[in-house]
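User: I would like to learn how to read a few features of a structure. Can we take them one by one?

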Amino acid sequence: MLKLVYAVLLGLVGAAIVHLVVLFMLPAYSERDIWSRLSAVAAPYAVVQLDSDALGEPAATQNPFLVATACRFDLGDGPVHVRSSGAVPFWSLSIYDDNGLNVFSVSDRAGSGSALDFVALNSAQMQQVRSGVPDELGRSVFVETSAEKGIVLVRVFLPDDTWRGVVDAFLGDLSCRPVALDESL
């Protein structure tokens, strides 16, 4: 019986130590989230390649066959228009809110052809767009999101280095910019 009490007390003390260590480490990890890291290296709407050169340390889920870029947006500036031209073997687009939660994902298999042309907007902006789609957004896919601020993440498949030029051209053409609805409607 005494050994059981000893084991329980030892477990409780161990759990308390782990809990305190996690609490003390939380501020350090919360300052190194992707939103903070992107804010430190680029302005909103700037397209940043997510590699160790840009962010100072590699992304946690870095896949050697995927090249990832990201841009921060704020729908308070207007809908964000993300587009690129060219044909790559595969691309995917994800929208994360400023807490890092994925709110939307799509790939070229679900898009309209190989072109990347998306507009993310909130419900009020969607109502405004429904009254008349601006000419420059006529072929875009509209995505309504609840994230007022967030990150657009674009991943491109790089099968081998012979595709490097094609992938770099696709990502070099990638634009992420706010659209002024009042001016375009």
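User: Is Cys-176 buried or exposed?

Analyst: Buried means under 20% relative accessible area, exposed over 50%, and partly exposed in between (1.4 Å probe, protein chains only). Cys-176 is buried, at 6%. Cys-71 is also buried, with 4% relative accessibility. This is a predicted model: local features need pLDDT of at least 70, side-chain atom pairs count only at pLDDT 80 or more, and totals for chains, interfaces and linings use all residues. Residues are numbered from 1 along each chain as its sequence is written, and side-chain values use heavy atoms, leaving out hydrogens and water.

User: Which residue does the disulfide join to Cys-71?

Analyst: A disulfide is a pair of cysteine sulfur atoms within 2.5 Å. Here Cys-71 is joined to Cys-176, S to S 2.0 Å. The pair links distant parts of the chain, 105 residues apart: Cys-71 lies in strand β2 (residues 66–74), Cys-176 in strand β9 (residues 175–178). A search of the whole structure finds one disulfide. Its link is right-handed, with 70° about the S-S bond.

User: How many helices and strands are there in the protein?

Analyst: Both are DSSP runs, numbered from the N terminus: helices are H or I, at least four residues, and strands are E, at least two. The protein has six helices and nine strands. Helix α1 (residues 2–30) holds Leu-9.

User: What share of the 185 residues is buried?

Analyst: Buried residues make up 34%.

User: What part of the contacts with a separation of 6 or more joins residues 24 or more positions apart?

Analyst: Contact means heavy atoms within 4.5 Å. Residues 24 or more positions apart account for 69% of those contacts.
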